[in-house]
Amino acid sequence: MQYAVVFVLLLSFVVGLGYLARRVNIPYPILFVMGGLLIGFIPDLPTIKLDPNFVFFIFLPPLLFI
């Protein structure tokens with residue numbers, strides 16, 4: 001349950017940063033990196049560990065072939 005709440009909060013954070021980037025006319029990857037740095041300083045966030053095979057087979061192919 002706690003991971004679902006963190007996932008929804010992070011997803012809404014990304015959507016908000018994307019909207020802000022469009023409004024301010026700043027490239028969105030820059031705001032995503034800055035937002036990630038800010039999230040890194042939030043204490044007591046649960047650590048989410050992904051299996052390397054999951055990342056390799058799910059996330060990597062779309063990044064390579066787009």
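The structure holds 2 aromatic pairs, a pair being counted where the ring centres of Phe, Tyr or Trp (its six-membered ring) lie within 6.5 Å, with planes under 30 degrees apart taken as stacked, over 60 as edge-to-face and the rest as tilted. In one of them, the rings of Tyr-28 and Phe-32 have centres 5.4 Å apart and planes at 65°, so this pair is edge-to-face. The model is a predicted one, in which local features need pLDDT of at least 70 and side-chain atom pairs count only at pLDDT 80 or more, whereas totals for chains, interfaces and linings use all residues. Residues are numbered from 1 along each chain as its sequence is written, and side-chain values use heavy atoms, with hydrogens and water left out.

Tyr-28 and Phe-32 are 4 residues apart in helix H2 (residues 28-40), and are therefore separated by about one helical turn; helices are DSSP runs of H or I with at least four residues, numbered from the N terminus. Tyr-28 is exposed, at a relative accessible area of 52%, while Phe-32, at 30%, is partly exposed, where buried denotes under 20% relative accessible area, exposed over 50% and partly exposed the range in between (1.4 Å probe, protein chains only). Phe-56 and Phe-57 form an edge-to-face pair as well, with 5.0 Å from centre to centre and 75° between the planes. Of these two residues, Phe-56 is partly exposed with a relative accessible area of 46%, and Phe-57 is exposed with 57%.

Phe-56 and Phe-57 also belong to a nonpolar surface patch, whose members include Tyr-3, Ile-48, Leu-50 and Phe-65 and which has about 1,300 Å² of accessible area in total. Such patches are made of residues with over 30% relative accessible area and no salt bridge, nonpolar side chains (Val, Leu, Ile, Met, Phe, Trp, Tyr) being joined within 5 Å; a salt bridge is a side-chain nitrogen of Lys or Arg within 4 Å of a carboxyl oxygen of Asp or Glu, and accessible areas come from the Shrake-Rupley method with a 1.4 Å probe. Helix H3 (residues 52-65) gives the most to this patch, with 9 residues. Phe-65 lies in helix H3 and counts as exposed at 72% relative accessibility.

Helix H1 (residues 2-24) comprises 23 residues and reaches 33 Å from its first C-alpha to its last, close to the expected 33 Å, which is 1.5 Å times one less than the number of residues. Its buried residues are Val-6, Leu-17 and Ala-21, and these pack against H2, contact meaning heavy atoms within 4.5 Å. H1 is followed by Asn-25, whose phi is positive, near 65°.

Definitions and conventions. Helices (H or I, at least four residues) and strands (E, at least two) are DSSP runs, numbered from the N terminus. Patches are made of residues with over 30% relative accessible area and no salt bridge: like charges are joined within 9 Å, nonpolar side chains (Val, Leu, Ile, Met, Phe, Trp, Tyr) within 5 Å.
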